[in-house]
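Grab a pencil and work through these exercises on rings and pockets. Try each task before you read its solution.

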Amino acid sequence: MNGGCTVFKIASIFGKKWTLPLLDEIQKNGDRGFNHLFHRLKHITPKILAKRLKELEEEGLVRKNVYTNVTPMKTAYYLTEKGTGLQKISNEFKQWLRKY
């Protein structure tokens with residue numbers, strides 16, 4: 001597998017379980033933290049949720065804000081510009097699936 005090939009790069013992002021539902025949930029309900037995402041995405045384990053969020057942050061698709069000025073401390077996840085662009089492509093895939 002060629003690490004520089006765009007097809008493989010796209011597959012490595014889209015192909016991971018929970019990535020697309022997680023991006024959908026962040027897009028629909030931004031400014032929500034880990035617990036909200038965990039409860040909204042039924043059947044995901046906390047370990048996998050944490051792993052996917054970290055991967056999405058590393059890819060530059062999701063941004064995590066930590067609010068230390070409130071008690072208890074709050075985290076919130078947002079789509080970046082790059083994440084929003086990927087979400088648009090994901091939505092086009094959904095439309096294609098509905099059509100065919």
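**Exercise 1.** Sort the lining of the largest pocket into nonpolar, polar and charged residues.

*Solution.* Start with the list: T6, K9, I10, I13, F14, E59, L61, K82, G85, L86, I89 and F93 line this pocket. Next, apply the classes: Ala, Val, Leu, Ile, Met, Phe, Trp, Tyr, Cys and Pro are nonpolar, Asp, Glu, Lys and Arg are charged, and the others, Gly among them, are polar.

A quick word on the model: it's predicted, so local features need pLDDT of at least 70 and side-chain atom pairs 80 or more, while totals for chains, interfaces and linings use all residues. Residues are numbered from 1 along each chain as its sequence is written, and side-chain values use heavy atoms, leaving out hydrogens and water.

**Exercise 2.** Find the aromatic pairs and classify them.

*Solution.* Here's the rule: rings of Phe, Tyr and Trp (its six-membered ring) pair if their centres lie within 6.5 Å; planes under 30 degrees apart are stacked, over 60 edge-to-face, and the rest tilted. The whole structure has two such pairs. F14 and F93 sit 5.6 Å apart, centre to centre, with 85° between the planes, making them edge-to-face. This pair joins distant parts of the chain, 79 residues apart: F14 belongs to α1 (residues 6–14) and F93 to α5 (residues 81–99). Now take W96 and Y100: their centres are 5.9 Å apart and their planes at 50°, so they count as tilted.

Note on methods: Helices (H or I, at least four residues) and strands (E, at least two) are DSSP runs, numbered from the N terminus. On a 1 Å grid over the protein atoms alone, a cavity is a set of points where a 1.4 Å probe fits but cannot get out, and a pocket is an open set with protein on both sides within 12 Å along at least five of seven lines; lining residues have an atom within 4 Å of a point.
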